[in-house]
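Please examine the sequence and the structure shown below before reading on.

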Amino acid sequence: MEVGMMVFISVTVVGLLGWALMKSEHADDLIRLAKQKRRLADRDHANEEEDIFVTKREGYLARILAHAGLESKYEQMRNAWIMSAMGGGFLFAAIMMFNVPELFIVGFILGVPIGAAGFIFYLNQLAKRRQAKMTEQLPQVLETMVSSLRAGSPILECFKVIAETSPDPIRGEFKRGLISLQLGKPFKDTLKEMCIRIKAPDFRLLTQAIFISQDVGGNLADVVSVIADAIRERFKLRDFLAALTSQGKATAMFIGCLPYGITLITYAATPGYIIPFLNHPIARIILLLLIMWEALGFYILMKMTTFEV
């Protein structure tokens with residue numbers, strides 16, 4: 001037994017020594033191959049980073065993220081969307097579990113689309129604020145473009161000046177367009193892509209003016225200056241309408257909050273009048289539906305007193 005163990009150990013040691021000798025003979029080749037593999041991996045990683053910029057994603061979520069400036073976080077936002085939908089399902093299932101245990105599956109089925117819609121609503125609000133901010137910055141951008149054009153600069157140089165001097169978030173869009181042009185993308189395709197990301201109708205008007213100027217000629221600086229003046233006049237009209245409708249908005253807010261206020265005051269003054277209603281499981285479901293219905297009515301009232309200019 002001891003002889004067999006010694007033979008096994010000897011064979012193992014000889015095999016390890018032979019493997020070490022063979023590896024030492026090809027050590028330089030292995031090191032060179034490892035370096036080459038590392039360089040290839042770094043190059044592939046760099047190509048992937050470029051693809052993130054040039055690749056356009058299609059779909060509803062991709063369009064919202066593009067408007068919100070979160071296109072680079074597509075995977076993260078998609079996972080958050082799924083988690084929000086599942087969280088809404090579990091939340092409604094828990095509410096139903098404590099009130100009507102037999103309907104917890106129905107609560108989960110109803111909660112999933114509500115959670116997903118809530119996350120989309122949040123992204124739409126981010127996109128709306130970002131688009132509004134870019135619309136506010138557009139007259140200043142057009143004035144910069146007019147100054148550059150009257151100084152004799154080409155349109156590509158105007159894009160470069162705007163990408164360097166304008167504030168965010170519109171600076172990022174022009175910088176993205178400038179990089180696309182430097183990578184060899186056609187000018188018209190670049191502007192069309194910017195129109196998709198910048199939803200302002202005035203920017204679409206600007207792109208049409210640039211296209212016409214390139215096709216038939218003309219004084220582009222004067223056209224851009226007229227567009228900038230039109231945008232400022234539209235802003236004045238928007239502020240004037242906001243002042244006229246401020247009383248209607250205040251009335252809508254008061255009417256929308258009135259049922260909640262009356263309910264809270266009644267609960268604080270006479271709890272015994274409300275508590276029996278809240279203790280009934282069916283009544284809780286009805287109360288939740290009433291809150292949702294009242295929120296919908298409040299939203300409709302606010303939309304009736306809001307004008308898009």
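Helix H5 gives the largest share of a nonpolar surface patch, namely three residues; helices here are DSSP runs (H or I, at least four residues), numbered from the N terminus. The model is predicted: local features need pLDDT of at least 70 and side-chain atom pairs count only at pLDDT 80 or more, while totals for chains, interfaces and linings use all residues. Residues are numbered from 1 along each chain as its sequence is written, and side-chain values use heavy atoms, with hydrogens and water left out.

**Nonpolar patch**
- Leu103, Val106, Leu110, Ile114, Leu289 and Met292 make up this patch of about 490 Å².
- Helices H5 (104-150) and H13 (281-304) each give two or more residues to the patch.
- Leu110, in helix H5, is partly exposed because its relative accessibility is 45% (buried means under 20%, exposed over 50%, partly exposed in between, with a 1.4 Å probe and protein chains only).

**Aromatic pairs**
- There are five aromatic pairs (ring centres of Phe, Tyr and Trp, its six-membered ring, within 6.5 Å; planes under 30 degrees apart are stacked, over 60 edge-to-face, the rest tilted).
- The Phe119 and Tyr122 rings have centres 6.4 Å apart and planes at 45 degrees, so this pair is tilted.
- Phe119 and Tyr122 lie three residues apart in helix H5, about one turn.
- Phe119 is buried at 12% relative accessibility, whereas Tyr122 is partly exposed at 45%.
- The Phe174 and Phe203 rings, with centres 6.0 Å apart and planes at 85 degrees, are edge-to-face.

Key: Patches are made of residues with over 30% relative accessible area and no salt bridge: like charges are joined within 9 Å, nonpolar side chains (Val, Leu, Ile, Met, Phe, Trp, Tyr) within 5 Å. Accessible areas come from the Shrake-Rupley method with a 1.4 Å probe; for residues, only the protein chains shown count as cover. A salt bridge is a side-chain nitrogen of Lys or Arg within 4 Å of a carboxyl oxygen of Asp or Glu.
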